[in-house]
Amino acid sequence: MLFTQASPNEQQQPDDTELAAAAAWGDKHAFEQLYRRHHQRIYALALRLAGEPSVADEILQESFVRLWHKLPQFRGESQFGSWFYSLALNQALNTLKQHRSFWSRFMPDWHLHEAAPSEPCAHGGNDDELLLDRLILRLPERARLVFVLIAVEGFSHDEVARLLAISSGTSKAHYHRARELMKEMLS
Amino acid sequence: MIKSKDDRLDSLIASAPRELAPATDNWQAIASRLDRPLPDTETLPYTEKSPDTEKAPRRLPLAIAAIAMLLVLVPLFNREPAPTDDGLHALIDSIELAHQQEVAVLIAPSQLAWQKVGFSDSIDAGLTELREAAKLILNALKANPQDKQLWQLWLWVQRREIELLTQGQRLPQGATQGDTL
């Protein structure tokens, strides 16, 4: 099943499962369509978790490259978006872990945060939409991870605890701290 | 007042966009990598860790190959010196000092027993090359303290030195080539 020669008159777009099946057979055009559909969702997750656009770009690229290789394992038993989201989240946490272990021996947290840009992205949203992301970028890393996963991505504290290999209580403490910091920033 | 801040924050969260567009299109970078094999490390789940004892034999040749590559590449970075930056130079010096202190602790006389083990020769060779590479990179970094790639190379080499020293310490203490089990 290839989508490289789709008729211009064809009204119905292939769904994600069909595109994934085609991409799994090596159809890069189908894969690019998957990229166009999902990259902004994954970038939002990556940017908020990473707090830095260059790292978010890295996570985005690694996630899609990994997706390309993992596509033959997708059987269509779950929603493609959920399946890929899970893969990308693991990739994001792995990438952040690698960055953390690399820099943390040498750079205190403040130095990394100083490197974060004041403008997080170029999505052109209104002020309130940008404001939340500006605040998120100013949070300490652990508090940011927990806050994003719980408040923005909708995970429970138990799920976050498993993902980050911390206790549920620690997750709650980070979340509380993140909220307090953000409320201070709103003052 | 506190309540209103909570409400304001909740309102911001509720209106946060699910999608954000990156500043640059990443598709070309992704497409160019699709035909390459996926490195093993990318397939590891987030929490999976390989025991260091299993990694050591595989990582040493890789480290040495990487160092050889660095020795070839580093002279390329020794070009146009950037404007000096006293703050970065001070940071470089303090990191180098901290690293040397950490190395000194790891190779303290009381912890040298591992060096008697026969297969520590390969670790010694790796360390020697690593330190030579580190010197070259450090010189290049001091000339271009704002070069992020040089920073990463330098810190990577320092980390490898610590890892090799740590691996060496895990070898049987006091063993020699003539020891039998």
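A salt bridge is a side-chain nitrogen of Lys or Arg within 4 Å of a carboxyl oxygen of Asp or Glu. In this predicted model, such bridges link Arg179(A), Glu180(A), Lys183(A), Asp6(B) and Asp10(B) in a network.

The size of an interface is often given as the accessible area lost when the parts come together. For chain A and chain B the buried area is about 4900 Å², with 60% of it on carbon and sulfur atoms. Chain A brings 57 residues to the contact, and chain B brings 48 residues. The polar side of the interface can be counted too: 16 residue pairs are in polar contact between chain A and chain B, with both residues at pLDDT 80 or more. On chain A, the elements that give two or more residues to the side touching chain B are helix H2 (28-50), H3, H4, helix H6 (127-137), helix H7 (141-152), helix H8 (157-164) and helix H9 (168-186). H2(A) supplies the largest share of that side, 13 residues.

Side chains of opposite charge can pair when their charged atoms come close. Across the interface of chain A and chain B there are six salt bridges. One salt bridge joins Arg33(B) to Glu62(A), with 3.1 Å from N to O. Another salt bridge joins Asp35(B) to Lys28(A), at 2.8 Å from N to O. This pair crosses between chains: Asp35(B) lies in the loop between helix H2 (27-31) and helix H3 (52-77) of chain B, while Lys28(A) belongs to helix H2 of chain A. Asp35(B) has a relative accessible area of 61%, so this residue counts as exposed. Lys28(A) is at 29% relative accessibility and therefore counts as partly exposed.

Over all chains the count comes to 13 salt bridges. Within chain A, Asp16(A) pairs with Arg37(A), and their closest N and O atoms are 2.8 Å apart. The two residues are 21 residues apart and link distant parts of the chain, with Asp16(A) in helix H1 and Arg37(A) in helix H2 of chain A. Is Asp16(A) buried or exposed? The cut-off for buried is under 20% relative accessible area, and Asp16(A) has 19%, so Asp16(A) is buried.

Within chain B, Glu161(B) forms a salt bridge with Arg131(B), the closest N and O atoms being 2.5 Å apart. This pair also links distant parts of its chain: Glu161(B) is in helix H6 (residues 148-170) of chain B and Arg131(B) is in helix H5 (residues 120-143) of chain B, 30 residues apart. Glu161(B) is buried, at a relative accessible area of 5%, whereas Arg131(B) is partly exposed at 31%.

Asp16(A) leads back to the helix that holds it. The buried residues of helix H1 (residues 16-24) of chain A are Asp16(A), Leu19(A), Ala20(A), Ala22(A) and Ala23(A). Because they cover an arc of only 165 degrees around the axis, they lie on the same side of H1(A). An α-helix has 3.6 residues a turn, so residues three or four places apart point the same way. At the start of H1(A), a side-chain oxygen of Asp15(A) comes to within 3.1 Å of the backbone nitrogen of Thr17(A). Just after H1(A), Gly26(A) has a positive phi of about 100 degrees.

The whole structure has 13 aromatic pairs over all chains. In one of them, the rings of Phe64(A) and Phe84(A) have centres 4.8 Å apart and planes at 65 degrees, so the pair is edge-to-face. Phe64(A) lies in helix H3 (residues 53-70) and Phe84(A) in helix H4 (residues 80-103) of chain A, 20 residues apart, and the pair thus links distant parts of the chain. Phe64(A) is buried at 0% relative accessible area, and Phe84(A) is buried at 1%. Phe74(A) and Phe80(A) form an edge-to-face pair as well, 5.5 Å centre to centre with 80 degrees between the planes. Phe74(A) is buried at 11%, as is Phe80(A) at 2%.

Ring pairs link Phe31(A), Tyr35(A), Phe64(A), Trp68(A), Phe74(A), Phe80(A), Trp83(A), Phe84(A) and Trp27(B). The cluster includes Trp27(B) from chain B.

Definitions and conventions
Residues are numbered from 1 along each chain as its sequence is written. Chains are lettered from A and ligands numbered from 1 in the order in which they are written. This is a predicted model: local features need pLDDT of at least 70, side-chain atom pairs count only at pLDDT 80 or more; totals for chains, interfaces and linings use all residues. Side-chain values use heavy atoms; hydrogens and water are left out. Rings of Phe, Tyr and Trp (its six-membered ring) pair if their centres lie within 6.5 Å; planes under 30 degrees apart count as stacked, over 60 as edge-to-face and the rest as tilted. Helices (H or I, at least four residues) and strands (E, at least two) are DSSP runs, numbered from the N terminus. Buried means under 20% relative accessible area, exposed over 50%, partly exposed in between (1.4 Å probe, protein chains only). The arc is that of the directions from the helix axis to the C-beta atoms. A polar contact is a pair of N or O atoms within 3.5 Å; within protein, one must be able to donate a hydrogen and the other to accept it, and residues adjacent in sequence count only if both atoms are side-chain atoms. Contact means heavy atoms within 4.5 Å. Buried area is the accessible area (1.4 Å probe) that two parts lose on being put together, summed over both.
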